[in-house]
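Trainee: I would like to learn how to read a model like this one. Please take me through it feature by feature.

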Amino acid sequence: MKLKDQVMFANLAIFGGMVVAYFQGFPVLNILLCGGLAFLLVSWFFFHRMRQAKRQKSSEEVK
């Protein structure tokens, strides 16, 4: 699976979890804070992985 597809799947899963939490009756502020933190964490993780993949490709091209 491509990295961009993994990012989309992870973000959709977080959003789906936020929707489920809303319908279970969790406070909206808690959902927004935790969901926002999760989006930031996942985005940072995948951004870091994309940078590593680009570095690895560029070092392979130099050899």
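**Fold and core**

Mentor: The chain has 2 helices and 0 strands. Helices (H or I, at least four residues) and strands (E, at least two) are DSSP runs, numbered from the N terminus. This is a predicted model, where local features need pLDDT of at least 70, side-chain atom pairs count only at pLDDT 80 or more, and totals for chains, interfaces and linings use all residues. Residues are numbered from 1 along each chain as its sequence is written, and side-chain values use heavy atoms, leaving out hydrogens and water.

Trainee: Which residues make up the largest nonpolar core?

Mentor: Such a core is a set of buried Ala, Val, Leu, Ile, Met, Phe, Trp, Tyr and Cys residues joined through side-chain atoms within 4.5 Å. Buried means under 20% relative accessible area, exposed over 50%, partly exposed in between (1.4 Å probe, protein chains only). Here the 8 residues are Val7, Ala10, Ile14, Met18, Ala21, Ile31, Val42 and Phe46. Helix 1 (3–24) and helix 2 each give two or more. The largest share, 5 residues, is from helix 1.

Trainee: Is Asn30 buried or partly exposed?

Mentor: Asn30, in helix 2 (residues 28–62), is partly exposed because its relative accessibility is 41%.
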